[in-house]
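Chain-level features are treated before individual residues.

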Amino acid sequence: MSATTVIEQSPPTERPEKNYLNADHTLRSWIWTVDHKRIAVLYLISVTFMFFLGSIAAAVVRFELTSPWGQMLTSETYNKMFTAHGVIMVFFFIIPAIPAVLGNFLLPIMLGARDLAFPRINLLSWYLYVAGAALVLASLALGGIDAGWTFYTPLSSLYSNTQITLALVGIFLAGFSSILTGVNFIATTHKMRAPGLTWFKMPLFVWAHYATAIIMILGTPVVAMTLVLVIFERAFKFGIFSPELGGDPVLFQHLFWFYSHPAVYIMILPGMGVISELISCFSRRRVFGYEFVAFSSIAIAVIGFVVWGHHMFLSSQSVLQGILFSLLTFLVAIPSAIKIFNWTMTMYKGSVWFSTPMIYALGFMGLFVIGGLTGLHLGSLATDVHLTGTYFIVAHFHFVMVGGAIMAFLGGLHFWWPKMFGKMYSEFWGRLSAMVIFLGFNFTFFPQFMVGYLGMPRRYHFYYFAPEWQIYHILSSAGATILGIGFLMPAFYLTASLIKGPKASSNPWGAKGLEWEQTTSPPPTENFHHKPIVMDDPYDYDAIADNDDFRAHWGKEPVKYGGDN
Amino acid sequence: MNPFKKWPISPEQASEWSIRHDALFWTISALTVVFTILVGVLILGFAIRYRRGSTADRRGAFDHHNGLEALWSIIPLILAIGIFVWSTLLFIEARKMPKDAMEVFVVGKQWMWHLQHMNGIRENNELHVPVNTPIKLTMISQDVIHAMYLPDFRAQFHVVPGRYTELHFTPIKTGRFKMLCAMHCGTSHSEMVGFVYVLSKRDFASWLDNGGNRYKPKPITLAERGKQVWESKGCGGCHGAKDTVRGPSLVGIYNSQRAMADGTTVKADADYLRWSIVQPYRLITKGYEPTMPVYQGQMSEEDVLGLIEYIKGSSNQSTPGVKAPVAPTVRVPADWPPSAPRNATQTANEELSSGATQAQQVPTKE
């Protein structure tokens, strides 16, 4: 099947006006909806709101650090700012961002299902998220929290006088929101695939979300119970983590990282799923080594569970433990390398279209390579001695989380935006934002590698004893300004597209997959007008035909895909 | 002149281990750069060559190649294992405590470092150590988890409440190096900062002699001060052990009855001695010419007090003199010459609970 036939093919011939967005306009129809697509939109609004709050905290932190003596805050307030940034961004933005927005919207459609397996539980998960976010925001409003997003005991349990209990209850609820999403994804993937959709015909996006869901279900309960134990120690003086009450402070780190390291893969695996879709679509090539990419997701999820101790090389765990965790950490690097090389080879002999989502995807690959490789510095025992707890680690995980997960989220959002809302955004502004974010990101975080290697510990408000670090902080803060502008741009042009953007066709990218080929933009409430049957392999693109077609239209008229662009 | 003063790229290499650490660090960094460039060139190369509309030959594309998969699994795996082995050996060395090390005890508390040498010298946020000597820190926290981080030695380990942890480093150059807390420990985390002063062995010995006090001269008794004045002013030139023509001996003079040239007798108390120093012509001892210089304005009152104490002390001895001070000692390696046995043993707890003796040095804004 060639791209030419895609143009001729007009997916659903009678296109009803009714879709999931205009099916009902009442507020009640939104807040009691059990439609996975509407819940995805609710999640999109929620995580975007939290992202902007977290960004404000980040901006304050970056402003403070431009001077070795701070700019305007007390150390107490500064600590609350970086804690707010970490808690909001980790638990309320980056963990739910891709699974709960793009995953929620697309997983059932990609599987050819009418909805997720448990629609009401899906709605419950959003309410738990909102309740958790409300409690955390209340804890910030009532004075803030200062223990860092990692909540290390006994600082968090006995020594901090801030609103930690409230915040922990909020994170606990958000954790259950995550568990419910995971349950839904696994049940849906197992039981609700369309006829003909075998496991190895599933899009890699689904594979990645399946792996993510496994982590969500196995890991999140552990951190949830750990946070409850911290609350018990704080409120009732149970001696669990504080030595003065008979507890063990390092136990907390084991329990916390048992979840929070796999949580890193909750953040990045769905992003990898998105990137597989984007690279394939905009190279007009089947994903290279499909099975390797699919199984590398599962391998990352499985090995990811046994590497948590690499956060604790210096915590007083034994040297032998350190060696084993280091070895396992090096092994988990291999599946990530496999993915990167397979994506690269996907472009080989493709027909590469530099659309907005593709530019985001290329940016992801560059930044993820750096983020992943600097993980070697930290996973290796000897260098971790010097680098852990410094800005090097801050730079490393921002390369993975922001350069990786957020670039993937934005790339995915731009890719599926026409599908979700039926509108096209400005391609000019889209490409510009992707490039501004890529530039601003490097400008922000590369200097942090430098200052971290020089020995600046993270979470330091002052550094008057080492004024030579200032130049790197000024560079980083300047970059953060560019990055901030880059993040603001989509907020404007995507919102503008909803109001006056041109109507999107059912398949504006000429992409493969059930969500593009078998339903409208936006889809109807029931997703499909007919029960889809899957015959083709995934990513059945034809680069040669696409390129010939493009050349044939070159300079005459823009190539159009889908029925009624 | 260091061209990187404004743009430092590496912290100082203040220990031998830090040099080997950096070799590993820059090797991994080089791998990072090589792979980033490799992937970057491939991505951009493919993206540009096979951009939509280009005339590049797209025939013969394939989407499976087990050989390639093996290639890019096995090469990174071999490199990763190589780095792992190298790094692990280095780490084992860092975690193996030397037996001959000079021991220092560390207590971390919100938000300062207490350091205690074996001989009882205590320091806050400062650690003085001799160069080329293995130093072993035995550490515990009094409250939350801290991390002792010495970036210039590439040394770091957590300081945990309820258990002892250890850290060792061997400084190879003298100077001032940062001592930081690298584990968020509450409000003033970023001010839980101090310095390691690496001294030459000679400077370290004199630092020990001064009781670990860098900022004040060694505290001396008034009589010792008087002796210093006595010697610097050359008092002994006229006032020797025996009376001479130039001046009477002052041995045993204190509180004795003295006959004056005007026929009176006075008691040589402190007041008399003071007047005799600052205004010698007020009362001349019988049998002597008024030849002594006037010291009014030439000596501080402390010096005069010291002289009087020194002269007082001479009353019980044949010649003015004081006992030699007792030097403190520290447990140091065999090549380190200890001067005397330890004079006092106090437990770390007593020492630390008695509080700080030295003012904490806070660097000022420049």
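Chain B contains seven helices and 12 strands. The model is a predicted one, and in it chain A is assigned 18 helices and zero strands. The table sets out values for the two chains.

| Property | Chain A | Chain B |
|---|---|---|
| Buried residues | 67% of 565 residues | 46% of 366 residues |
| Accessible surface | about 17,800 Å² | about 18,600 Å² |
| Part of that surface on carbon and sulfur atoms | 70% | 57% |

**Dimensions of chain A**

The C-alpha trace of chain A extends over about 70 × 45 × 45 Å along its principal axes. Its radius of gyration is 23 Å, which agrees with the value near 24 Å that a compact globule of 565 residues would have.

Three cavities of 30 Å³ or more are counted. The largest cavity holds about 150 Å³ of space. Its lining is made up of 20 residues, and those nearest its centre are Phe91(A), Ile95(A), Ala174(A), Gly175(A) and Ser178(A).

Which helices supply this lining? At least two lining residues come from each of α4 (75-111), α7 (164-191) and α8 (204-236) of chain A. The greatest contribution is that of α7(A), which provides seven residues. In composition, the lining of the largest cavity has 15 nonpolar and five polar residues, and no charged ones.

**Cis peptide bonds**

A cis peptide bond is found in chain A between Thr153(A) and Pro154(A), where omega is near -5°. Pro154(A) belongs to the loop that runs between α5 (119-141) and α6 (155-159) of chain A.

In chain B, the peptide bond between Gln110(B) and Trp111(B) is cis, and its omega is about -5°. Trp111(B) is located in the loop between β1 (102-109) and β2 (112-117) of chain B.

**Non-glycine residues with positive phi**

The loop between α5 and α6 of chain A also holds Phe151(A). Although Phe151(A) is not a glycine, its phi is positive, at about 50°. Is this residue buried or exposed? Phe151(A) counts as buried because its relative accessible area is 0%, below the 20% cut-off for burial.

Arg284(A) is likewise not a glycine and has a positive phi, of about 55°. Its position is in the loop between α9 (249-283) and α10 (290-303) of chain A. With a relative accessible area of 2%, Arg284(A) is therefore classed as buried.

Ile109(A) is part of helix α4 of chain A, one of the helices that line the largest cavity. Ile109(A) is buried, as its relative accessible area is 0%. What does Ile109(A) touch, when residues up to four places away in sequence are not counted? Its contacts are His36(A), Lys37(A), Leu514(A), Glu515(A), Thr519(A), Pro523(A), Asn527(A) and Phe528(A). A further spatial relation of Ile109(A) is with Arg193(A): the two are 84 residues apart in sequence, and their C-alpha atoms are 9.5 Å apart in space.

Ile437(A) is found in helix α15 (residues 427-453) of chain A. This residue is buried, with a relative accessible area of 1%. Leaving aside residues up to four places away in sequence, Ile437(A) touches Tyr360(A), Met407(A), Leu410(A), Leu483(A), Gly486(A) and Phe487(A). Between Ile437(A) and Phe232(A), which are 205 residues apart along the chain, the C-alpha separation is 42 Å.

Key
Residues are numbered from 1 along each chain as its sequence is written. Chains are lettered from A and ligands numbered from 1 in the order in which they are written. This is a predicted model: local features need pLDDT of at least 70, side-chain atom pairs count only at pLDDT 80 or more; totals for chains, interfaces and linings use all residues. Side-chain values use heavy atoms; hydrogens and water are left out. On a 1 Å grid over the protein atoms alone, a cavity is a set of points where a 1.4 Å probe fits but cannot get out, and a pocket is an open set with protein on both sides within 12 Å along at least five of seven lines; lining residues have an atom within 4 Å of a point. Grid points are joined across faces, edges and corners, and a volume is the space filled by probe spheres set on the points. Helices (H or I, at least four residues) and strands (E, at least two) are DSSP runs, numbered from the N terminus. Ala, Val, Leu, Ile, Met, Phe, Trp, Tyr, Cys and Pro count as nonpolar, Asp, Glu, Lys and Arg as charged, and the others, Gly among them, as polar. The radius of gyration is taken over C-alpha atoms; the globule rule is 2.2 Å times the number of residues to the power 0.38. Buried means under 20% relative accessible area, exposed over 50%, partly exposed in between (1.4 Å probe, protein chains only). Accessible areas come from the Shrake-Rupley method with a 1.4 Å probe; for residues, only the protein chains shown count as cover. Contact means heavy atoms within 4.5 Å.
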